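Today I opened my notebook to look up the salt bridges in this model. Here is what I wrote down as I went.

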Amino acid sequence: MQFSDLSAETVGEVEVESKVLVIKRIKQTFRLSGDEGDRETVERVLGVYADSCPVARSVKGAIEISSELEFTPS
């Protein structure tokens, strides 16, 4: 596998509960350029990485986390 470009954007959505700001949702968008043949592997990793991420595991159930992949063949 060889990738030429990787970036990520993370956006949190905040709401007010009892006059306190609370993070309700986090959306991550990963942008990656690589070989088209690697797309399936990248999508599989994206589907399971949160189970091994300490931050995602810590907030699981309290904050909705979604991830999206924008894959560009190089």
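My entries below go through the charged pairs one by one.

**Ground rules.** I am working with a predicted model, where local features need pLDDT of at least 70, side-chain atom pairs count only at pLDDT 80 or more, and totals for chains, interfaces and linings use all residues. Residues are numbered from 1 along each chain as its sequence is written, and side-chain values use heavy atoms, with hydrogens and water left out.

**Count.** I took a salt bridge as a side-chain nitrogen of Lys or Arg within 4 Å of a carboxyl oxygen of Asp or Glu. That rule gave me 7 salt bridges.

**Arginine 25 and glutamate 15.** I found these side chains in a salt bridge, 2.7 Å from N to O. Arginine 25 sits in strand 2 (residues 20–34) and glutamate 15 in strand 1 (residues 3–17), so the pair ties together parts 10 residues apart in sequence. Strands here are DSSP runs of E, at least two residues, numbered from the N terminus. I noted arginine 25 as partly exposed at 27% relative accessible area; the class lies between buried (under 20%) and exposed (over 50%), with a 1.4 Å probe and protein chains only.

**Lysine 27 and glutamate 68.** This salt bridge came out at 3.4 Å, N to O. Lysine 27 is in strand 2 and glutamate 68 in strand 3 (residues 64–73), so parts 41 residues apart in sequence are tied together.

**Arginine 31 and glutamate 70.** I read 3.0 Å between the closest N and O atoms of this salt bridge. It links strand 2 to strand 3, 39 residues apart in sequence. I also saw that salt bridges with shared partners join Glu9, Arg31 and Glu70 into one network.

Key:
Helices (H or I, at least four residues) and strands (E, at least two) are DSSP runs, numbered from the N terminus.
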